[in-house]
Amino acid sequence: MFGIVRLAGYRQALAAHGLPETVAKVERYRRREGTAAMAALLERRPDAVFCFNDLLALGAMRTILSAGLRVPEDIALAGLDDIEDGRYSTPTLTTLAPDKAELARIAVDLLKRRIDGRPGHPPQETRAGYRLMARESTLGR
């Protein structure tokens, strides 16, 4: 589900700025898949890559650096989720950080309603905030 929402947001953002879309599909959101997807993308020589999570981005970073390219000088890189590893990678990883406290509050509230036996609500879209954590993988050192 998250992948569908993230892909829709990616496409909207690119369309709003008149940018072309390039997507490297992966089976799972892990470092290994990020490494393989980035290897395929290198043939196109992108100047920036946005990964659907930070694990994919860390795998992509490995491939970029192994190819003798620099992050962000040759390819800027960003992920999504703000995992701790991204704060300690070299270079540090730019990411979109979800408001985890808000997500937890929403989840607990919905769970409490169900446990308390209150009437359910029809399916609805619930959103939590995000913050851009701009770091070295897009800003440089």
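Which residue forms a salt bridge with Arg-135, and how far apart are the closest N and O atoms?

## A bridge across the chain

This is a predicted model. In it, Arg-135 pairs with Asp-82 in a salt bridge, and their closest N and O atoms are 3.0 Å apart. The two partners sit in distant parts of the chain, 53 residues apart. Arg-135 lies in the loop between β4 (130-133) and α6 (136-139). Asp-82 lies in the loop between β2 (76-80) and α4. Both Arg-135 and Asp-82 are buried.

Shared partners join Asp-82, Arg-87 and Arg-135 into one network.

How accessible are two of these residues? Asp-82 has 11% relative accessibility, so it counts as buried. Arg-87 has a relative accessible area of 38%, so it is partly exposed.

Thr-92 is in the loop between α4 (84-88) and β3 (94-98). Its relative accessibility is 15%. Buried means under 20%, so Thr-92 counts as buried.

Leaving out residues up to four places away in sequence, Thr-92 touches Gly-86, Arg-87, Arg-135, Glu-136 and Ser-137. Two of these names, Arg-87 and Arg-135, belong to the salt-bridge network.

## Another salt bridge

The structure holds 8 salt bridges. One of them links Arg-70 and Asp-74, with the closest N and O atoms 3.3 Å apart. Arg-70 is partly exposed, at 47% relative accessibility. Asp-74 is partly exposed too, with a relative accessible area of 23%.

How values were computed
Residues numbered from 1 in each chain as written. Predicted model: local features only at pLDDT ≥ 70, side-chain atom pairs only at ≥ 80, totals over all residues. Heavy atoms only, no water. Helix = DSSP H or I, 4+ residues; strand = E, 2+ residues; numbered from the N terminus. Buried < 20%, exposed > 50% of the residue type's maximum accessible area, 1.4 Å probe, protein only. Contact = heavy atoms within 4.5 Å. Salt bridge = Lys/Arg side-chain N within 4 Å of Asp/Glu carboxyl O.
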